[in-house]
Amino acid sequence: MLYFSRLKTGLILLVCLVGVLLAAPNLLPAGAMPSWLPLNRVNLGLDLQGGSYLMLKVDLAALRKERMENQADSVRQVLRDAKVRYTGLTADDTSVRFALVDTAQADAARTALNTVDAGIQIGTTTVKEFDITVDGPSVSLVPNEKALQERARQTVGQSIEIVRRRIDQSGVAEPLIARQGEDRIVVQLPGLADPTRIKALLGQTAKMTFHLLGDSTVRPGSPAPAGMQWLPMADDRSAGQMALIRRQIELDGSHLSDARPSTDQRTGEWLVGFSFDDIGGKKFADITTRNVGKPFAIVLDGKIISAPVIREPILGGRGQISGSFNAASANDLAVLLRAGALPAPLTVVEERTVGPDLGADSIRAGVISVIVGFVLVVAFMAMTYGRFGLYANIALFVNLAMAVGALSVLGATLTLPGIAGLLLSLGLAVDANILVNERIREETRKGKGPMAAIETGFKRAYSTIVDANATTLIKMLFLYSVGTGTIRGFAITISLGIVVSMFTAVTLVRLMVASWWRKTRPVTLAVGTKLRLFPENTNIQFMKGRNVGLGMSAALSIASVVLFFHPGLNLGVDFAGGTIVEIRTEQPADFNKLRGALEKLDVGPVKLQDFGAATDVLIRLERQPGGDEEQAKVVKLVQQTVQAEYPGTSIRRVESIGASVSSELFSDGMMALGLAAIAMLIYIWVRFEWPFGVGAVVTMILDITKVIGFYALTGLEFNLPAIAALLAIMGFSINDKVVVYDRVRENLRVFRKMPLRELIDRSINETMSRTVATSIAIFLSILPLALFGGEALQQFAWVLLFGVVLATSSSIFIAAPILLYLGEHRLRREEEEDPEADNPFAGAEQVEK
């Protein structure tokens, strides 16, 4: 109905006003809005404001190895104390084993071993960490997997807290630290363009232990006696020297209460002073009292950082670490000791760094793209639909404001793909208005009065809008589920735009049209201007060319598959692993000089690419052998070499992906594509019939193969944004097919005797105006990204533009013929004669007033 009560009208306007007010803080300076209003702003992603993104992997394998070695040391100690004789004590990843000299001591050994394992708390029960097995003289301690998994979970949680403390004490503002998966930690550092120091802080376990030195008569290089080990000296003045220490830990860093850098008043050397808690202080006093005159080694992460001689008992619970420190290294060591030791080593498996200047450029490019895209779409709607286009434009403005307002309330982070999502969602929002306008125009041509045409147009367009948007939301759900940060931002912005468009394009526009109709009561209704994108009342027989269309499509898809295998896709760093470093030199870059310097590093093939200005260079390195640790070393080495060759060079962007992450990203991306296709097939099958679902999904798959062929042919980089582009094209492809199929389904109920081939032709002709208008609107919304979006988004945008053209043509020349072949004998059922059969107005509401 075109009647809106005052309450309903007030609620609609209130929702719009709230959306605009929530979005306003993002445009106005601080303090311009009343303090009682929510002043949340959209957070800018690291690719917009600059900063660093690190993904750390907790080395649970190292944790397990250390746990087994510690257990072996404990077993050795308790057996010695219990006077149980044994031989062949060994430990590996699977068990701790030894053999009893006297099997009569089996019970004594079991009793002694039970005192070693205090167990671990899981829920309300305590579970032993090791299962003891005695088989004759053989004794083994096998780790309990359930207990081991709980310890791993606790280790990751403890690591997150220590990482947070280290970063907080390093002075980085507003870091974001979160767990991802079973053994990953994500660290986002806004505004930090060079994470080298942070990586150094996080890369050290900082496990501090105190040991007595071993027998000084043992010659360096000879095997260490039982219960002892050789460790390197960390002091630069003793570089390369090894010292023998006792394995037994006299005291560990868990009892440290504070650590501060300071200087020696006599020599001016930097020191790190530390203090123990009460328990640690008493242990430290006892150890130094018993070992006066002996050297005492302070070990940090497997290196001896200091080995002073205990000259007198230290009773105050305080000590000092001396070495080759400067102000920065002394402060960093103090930070490590204060924050505590990591329970397991951390490795950087993914690194993405964006410099502040590149972030500023990205914001500028994104804002320009949004403004230009919005203006183009607004102008197109006004020129095409006149007054109704004006209503659509008002709704479009409210749509954008409400989407930004919703992002602000959610505290969402806007990234470059998120900006692309906003623009694409504007195009999809316009599609709903175009569907309504075209249906009203169609009803008017049938001779209906203004009120009946408007009412029927909104009613019949609504189901099509719901089906088209539902398929896109399903696709975005899978994209969000398996995607990572920036790709999730893309999914969130499109999803919000679609949900909001259901309100603005249907409810708000309907309110504006109803208000105009009540005030003017027009006798005739003219929807749009004289501009026609496609002639009215056409009768093009598209199905005559069905075999040619399907043949060409099959040939192109086969060619795309061939291109996929040879020459193949140009996999980006996201999927292939490796490193990308984007630099900007002060003078035009000398590629030969830079390539020669990088090739001397022995890091494999080095690819240099210029883009934009002559001072902009992209350095690509393949994935390094030796795993994620070696990859991290190469990143640091390349940065140092570039800055040495070109002083004053700015590192604008760094992306480094290890092998484990790249394979996961690729498999997750492929899973998103597969699950989205299956989900859309099921939805269309349920909403329509199976020939519709199969036809839409098969056509969509053919579209995707051609897009992949486009990537292979052009050599564009296939990366995470490429997965987002494929899913966006899948959504638009299905959206377009749903509109055509919905008209076919409607005409099947009206023209029950018309041959299916003629009915499909009629349906395509009737929806052609909408198809062309929507394609142009989406094309115009994406075009600014291709022109002004910058290097990061231009490839993404060009692929989307190709996909829009491809999906539009495939709806006519592929999806419709497939439906004809599948539905020729299935969509027509034997029915009784109906007096309204083949009446074009059957089922229409006759509400003329």
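**A helix across a sheet**

Let's start here: helix α8, residues 327–339, lies across β15, β16 and β19, and it runs at about 175° to β15. Before I go on, please keep in mind that this is a predicted model.

So what is under that helix? β15, β16 and β19 make an open sheet of three strands, in the order β15-β16-β19, and the pairing is antiparallel. On the edges you have β15 (256–263) and β19 (318–322), each of which pairs on one side only. Neighbouring strands in this sheet are turned against each other by 25° on average, if you ignore direction.

Now zoom in on β15 and its partner β16, residues 270–276. Those two pair in the antiparallel sense over seven bridges.

Okay, next sheet. Here four strands form an open sheet, the order is β14-β11-β17-β18, and again the pairing is antiparallel. Which strands sit at the edges of this one? They're β14 (251–252) and β18 (303–306), and each pairs on one side only. Elsewhere in this sheet, β11 (residues 208–212) and β17 (residues 296–300) are joined in the antiparallel sense by five bridges. The residue to look for is F210, whose bridge partner in β17 is I298.

Now over to strand β20, residues 346–354. Is this strand mostly covered or mostly open? Mostly covered: nine of its nine residues are buried. And it has partners to show you. With strand β2, residues 51–58, β20 runs antiparallel, and eight bridges join the two. With strand β26, residues 650–657, β20 also runs antiparallel, and there the count is five bridges.

Right, on to helix packing. I've got two pairs for you.

The crossing of α18 past α19 is right-handed. Who's making the contact? On the α18 side the residues include F692, M700, I704, V707 and Y711, and on the α19 side they include L726, I729, M730, Y741 and L748. Also in there are D703 from α18, and K737 and R745 from α19. By residue class, the contact of α18 with α19 divides into 17 nonpolar, three polar and three charged.

The second pair is α3, residues 60–81, and α4, residues 106–116. These pack at an angle of about 130°, with their axes 9 Å apart. That angle makes α3 oblique to α4. The crossing of α3 and α4 is right-handed. From α3 the contact uses Q71, S74, V75, V78 and L79, and from α4 it uses A109, A112, L113, T115 and V116. How do those residues divide? Seven are nonpolar, three are polar and none is charged.

Leaving out residues up to four places away in sequence, V78 touches A112, L113, T115 and V116. Then look back along the chain to L46: V78 and L46 are 32 residues apart, and their C-alpha atoms are separated by 53 Å.

Last bit, zooming all the way out. How many helices and strands does the chain have? The secondary structure comes to 21 helices and 27 strands. Of the 849 residues, 53% are buried. The C-alpha atoms fill a box of roughly 110 × 65 × 60 Å along the principal axes. And among contacts between residues at least 6 apart in sequence, 75% join residues at least 24 apart.

That's my tour, so over to you.

Definitions and conventions:
Residues are numbered from 1 along each chain as its sequence is written. This is a predicted model: local features need pLDDT of at least 70, side-chain atom pairs count only at pLDDT 80 or more; totals for chains, interfaces and linings use all residues. Side-chain values use heavy atoms; hydrogens and water are left out. Axes are lines fitted to C-alpha atoms, for helices over the stretch in contact, and angles run from 0 to 180 degrees between N-to-C directions. Angles under 35 degrees count as roughly parallel, over 145 as roughly antiparallel, 65 to 115 as roughly perpendicular and the rest as oblique. A crossing is left-handed if the near helix is turned anticlockwise from the far one by less than a right angle, and right-handed if clockwise. Contact means heavy atoms within 4.5 Å. Ala, Val, Leu, Ile, Met, Phe, Trp, Tyr, Cys and Pro count as nonpolar, Asp, Glu, Lys and Arg as charged, and the others, Gly among them, as polar. Buried means under 20% relative accessible area, exposed over 50%, partly exposed in between (1.4 Å probe, protein chains only). Two strands pair if DSSP finds at least two bridges between them.
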